[in-house]
Amino acid sequence: MIRRNLPNALTCGNLLCGCIGVVEAFHNNLVISCILVGVALIFDFFDGFLARLLKVSSAIGKDLDSLADMVTFGLLPSIIVYQLLMQSIPDLFGIWKAYPAFIIAIFSAIRLAKFNNDPRQSDSFIGVPTPANAMLIASLPIILLTEDSFWKDIIVNTTNLLLFSVVMSFLLVMEMPLIALKFKNFGWKGNEFRFILIALTIVLIVAFKILAVPAIIILYILLSVVDNFTKKNRSIGNI
């Protein structure tokens, strides 16, 4: 009984991080919220890993995982963007401009619903995963801690944040396969782009620290495009 529910306990840890993160975000403690997103990412990785290791995957666990992800990687990132928009809006009459941040939550829900019902996503993702999107958004308030006016001018900008919300919402549900770090084996063949992504991610983090996160997400999408192109060429060549 305990063994079967260990992965679900980790999923609940993810959900708890999201709930506390939402409270902290509404109190404008964005850095705490972002740290909780990072902790939740660890829970999210290990709940699936543990379920596969113990061979205790279940429909309830899958649904619970999506519900937890909706709070932590859907709603919480929306609130973070909402608070950043509020900082960028100079007058009270423009407060309504912050509400579009919640399209991220809406499209995250669509993304998670599609994932649960799309058999194509066993070996790859269709659209940017909600944890990757949440990681990108969580990096923004931490980047602001650098107190570099260049980054503040880019991030705390109403137009940029609104455009960012629209673009990331689109990327969540776009019909394009993206690399999933699910290894059936650890050989080079078939895992080339996974290894390249991991290696470049480590290099970027060492070189740029938190500033590397946006670059890693862009790199992830670009490598996925190249991976898709390569796979299409291989399939054509085999005809």
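## Helix H2 and its buried side

The buried residues of H2 are Leu30, Ser33, Cys34, Leu36, Val37, Ala40, Asp44, Asp47, Leu50, Ala51 and Leu54. An α-helix makes a turn every 3.6 residues, so residues three or four places apart point the same way. That is a handy idea to keep in mind while looking along the helix.

H2 is made of 25 residues and spans 36 Å from its first C-alpha to its last, close to the 36 Å expected at 1.5 Å a residue. Just beyond the helix comes lysine 55, with a positive phi of about 55°.

Alanine 134 is 100 residues away from it in sequence, yet the two C-alpha atoms are 8.9 Å apart in space.

## The chain as a whole

Stepping back, the chain has nine helices and two strands. Read from the N terminus, the order of these elements is α-α-α-α-β-α-α-α-β-α-α.

The chain has 239 residues, and 44% of them count as buried. Among contacts with a separation of 6 or more, 73% join residues 24 or more positions apart. The accessible surface is about 13100 Å², and carbon and sulfur atoms account for 73% of that surface.

## Helix H8

Another helix to find is H8, which covers residues 192–208. H8 has 17 residues and reaches 24 Å between its first and last C-alpha atoms, close to the 24 Å expected at 1.5 Å a residue. Its buried residues are Glu192, Phe193, Arg194, Leu197, Thr201 and Leu204. After H8 comes lysine 209, with a positive phi near 55°.

## A buried arginine

Arginine 111 belongs to helix H4, residues 103–116. Is arginine 111 buried or exposed? With a relative accessible area of 3%, arginine 111 is buried. A polar atom of the arginine 111 side chain lies 3.1 Å from the backbone oxygen of valine 128.

## Cysteines without a disulfide

A disulfide is a covalent bond between the sulfur atoms of two cysteines. How many disulfides does a search of the whole structure find? The search finds zero.

Cysteine 17 is buried, at 8% relative accessible area, whereas cysteine 19 is partly exposed, at 38%.

## How confident is the prediction?

The average pLDDT of the chain is 86, and 88% of the residues score at least 70. Where in the chain is confidence highest, and where is it lowest? Helix H5 (residues 130–144) has the highest confidence, at a mean of 95, while strand S1 (residues 124–126) has the lowest, at 77. Where pLDDT is low, the predicted coordinates should not be read in detail.

Key
Residues are numbered from 1 along each chain as its sequence is written. This is a predicted model: local features need pLDDT of at least 70, side-chain atom pairs count only at pLDDT 80 or more; totals for chains, interfaces and linings use all residues. Side-chain values use heavy atoms; hydrogens and water are left out. Helices (H or I, at least four residues) and strands (E, at least two) are DSSP runs, numbered from the N terminus. Buried means under 20% relative accessible area, exposed over 50%, partly exposed in between (1.4 Å probe, protein chains only). Contact means heavy atoms within 4.5 Å. Accessible areas come from the Shrake-Rupley method with a 1.4 Å probe; for residues, only the protein chains shown count as cover. A disulfide is a pair of cysteine sulfur atoms within 2.5 Å. The expected span of a helix is 1.5 Å times one less than its number of residues. A polar contact is a pair of N or O atoms within 3.5 Å; within protein, one must be able to donate a hydrogen and the other to accept it, and residues adjacent in sequence count only if both atoms are side-chain atoms. pLDDT is the predictor's confidence in each residue, from 0 to 100.
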